[in-house]
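Please look at the sequence and the structure shown below, and keep both at hand while reading the report that follows.

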Amino acid sequence: MRPLSFLCIATFFKGEAFMRACKELGHTVYLLTVEKLADKPWPFDAIDEVFYLPTESNDSENLDRMILGLSHTMRSRRIDRVVALDDFDVEKGALVRETFRIDGMGQTTARYFRDKLAMRMRAQAAGIRVPGFSPLFHDETVTHFLQTTEGPWLIKPRAEASTTGIRRVDSLEEAWEVIHGLGDNRHNYLIEQFKPGKVFHVDSLSVDSHPVFTRASGYLATPMEVAHGGGVFRTGILPFDSPDTAALHNLNSLVLQAFGMRYSASHSEFIKGDHDGEFYFLETASRVGGAHIAELVEASSGINLWAEWARLETAVALGQPYSIPAEQQNYAGLIVSLARQQWPDQSIFTEPEIWWRLDKEYHVGLIVQSGSRERVLDLLDTYMARIYAEFHASAPVPDKPTS
């Protein structure tokens, strides 16, 4: 096996396990990040060289600077694989691959994993249910959509992650007020129907356009409720043998196939509508799930998604077969909240099921693991009450994600 050279793009602090796994496999690891993250505790022992951009922006000036810098870098350094470790880096990774003709996801396919409008149009064309939606390009089309669908509606950025930048509107007049307020940035948004329901996430590793590992989980409060209502983030692994789990596995496979996923980690979200009990596709991403979902999956399965993604990329690059390690089937649950204290004292949580604790300023968080899903859910309920009583704080939704 000849060593490879990986360019890891991470303009948010994440992906340490991916880079460590690459180095353990004998590869050269380059990190492209942003200047403001220079002092973060990156795994420098696993990184051969770091390159910096002034900002994480995907505007043309920053992308041109990135390409020019890499064109000089590659005169003396070989790059075999480009891996975008965060949503906001998918566009950068695709552009680097296209420019320097490096194998992997190109710009057209990357759109399906970054652009919420492209996602919905592609899913709809493949016969996958999506909430009613409309682009905001054409006035008459937008008005027709508002007049022929039932509100409320959500106006969403096409290229932000999670719930960042989403606005709920309840009337045609309110919708147009928000749309006009977007000004020249209007084309970067879409509008869709808001239907209450339970939201689920499916986390996968794919090879040869087929998921070889999948875990389905359900949010115990939707991301919208947490972000806009100041709640506590909770999610848990679904019953392994439930009809919902089987349906989500199938839907996830259909989405990844329709979107052209060849090989990567992925994180997809679906909603089960309260009005009809059907699953609808919400969004997907070609990366490991954020918000400590990777740790949740590892507690459940024993599979570290970051490390396995590195091994998967290596196998594909070298034309070797890839097989996922043996999976465990544990139930696990994750709870995270902002905290009033800078370093919350989490010693009040003493249960033996605790598998992981969050170590982050002004946050409290735990993952529990058990052979019983009921025990996991009971613990999450108990911890939520304790967190609200002892720690909980809330803050306005930021204009841009912070992690």
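## Loops, sheet and aromatic pairs

Pro152 is found in the loop between α6 (139–148) and β6 (153–157), where helices (H or I, at least four residues) and strands (E, at least two) are DSSP runs, numbered from the N terminus. This is a predicted model, in which local features need pLDDT of at least 70 and side-chain atom pairs count only at pLDDT 80 or more, while totals for chains, interfaces and linings use all residues. Residues are numbered from 1 along each chain as its sequence is written, and side-chain values use heavy atoms, with hydrogens and water left out.

The bond that joins Gly151 and Pro152 is a cis peptide bond, with omega about 0 degrees. Most peptide bonds are trans, and most residues other than glycine have a negative phi.

| Residue | Phi | Relative accessibility |
|---|---|---|
| Asp208 | near 55 degrees | 70%, exposed |
| Ser209 | near 65 degrees | 37%, partly exposed |

Asp208 has its place in the loop between β9 (197–207) and β10, and Ser209 lies in the loop between β9 and β10 as well. Val212 belongs to strand β10 (residues 210–219) and is partly exposed, with a relative accessible area of 29%. Leaving aside residues up to four places away in sequence, Val212 touches Leu205, Ser206, Val207, Tyr322, Ile324 and Glu327, where contact means heavy atoms within 4.5 Å. From C-alpha to C-alpha, Val212 and Tyr263 are 9.9 Å apart in space, although 51 residues apart in sequence.

The next part of the picture is a sheet. Four strands form an open sheet in the order β3-β2-β1-β4, and the pairing is parallel; two strands pair if DSSP finds at least two bridges between them. The edge strands are β3 and β4 (81–84), each of which pairs on one side only. From one strand to the next the twist averages 20 degrees, with axes taken as lines fitted to C-alpha atoms, for helices over the stretch in contact, and angles running from 0 to 180 degrees between N-to-C directions. Strands β1 and β2 run parallel and are joined by five bridges; Cys8 stands opposite Leu31 in β2, and Leu7 stands opposite Tyr30 in β2.

Helix α1 packs on the sheet, touching β1, β2 and β4, and its direction makes about 160 degrees with that of β2. Helix α3 also packs on the sheet, touching β1, β3 and β4, with a direction that makes about 165 degrees with that of β4. Strand β2 is mostly covered, since six of its seven residues are buried.

How far does helix α2 (residues 60–73) reach from its first C-alpha to its last? With 14 residues, α2 reaches 20 Å, close to the 20 Å expected at 1.5 Å a residue, the expected span being 1.5 Å times one less than the number of residues. Asn62, Leu63, Met66, Ile67, Leu70 and Thr73 are buried in α2. These residues cover an arc of only 135 degrees around the axis, which puts them on the same side of α2; the arc is that of the directions from the helix axis to the C-beta atoms. An α-helix has 3.6 residues a turn, so residues three or four places apart point the same way. Ser60, Glu61, Asp64 and Leu68, on the other side of α2, are exposed. What covers the buried residues of α2 includes β1, β2, β3 and α3 (90–100).

Finally, there are the aromatic rings. Rings of Phe, Tyr and Trp (its six-membered ring) pair if their centres lie within 6.5 Å, and planes under 30 degrees apart count as stacked, over 60 as edge-to-face and the rest as tilted. By this rule the count comes to 15 aromatic pairs. Phe13 and Trp42 form an edge-to-face pair, 4.8 Å centre to centre with 75 degrees between the planes. Phe13 lies in the loop between β1 (5–9) and α1 (16–24) and Trp42 in the loop between β2 (28–34) and β3 (49–53), so the pair ties together parts that are 29 residues apart in sequence. Phe13 is partly exposed, at 28%, whereas Trp42 is buried, at 5%.

Conventions:
Buried means under 20% relative accessible area, exposed over 50%, partly exposed in between (1.4 Å probe, protein chains only).
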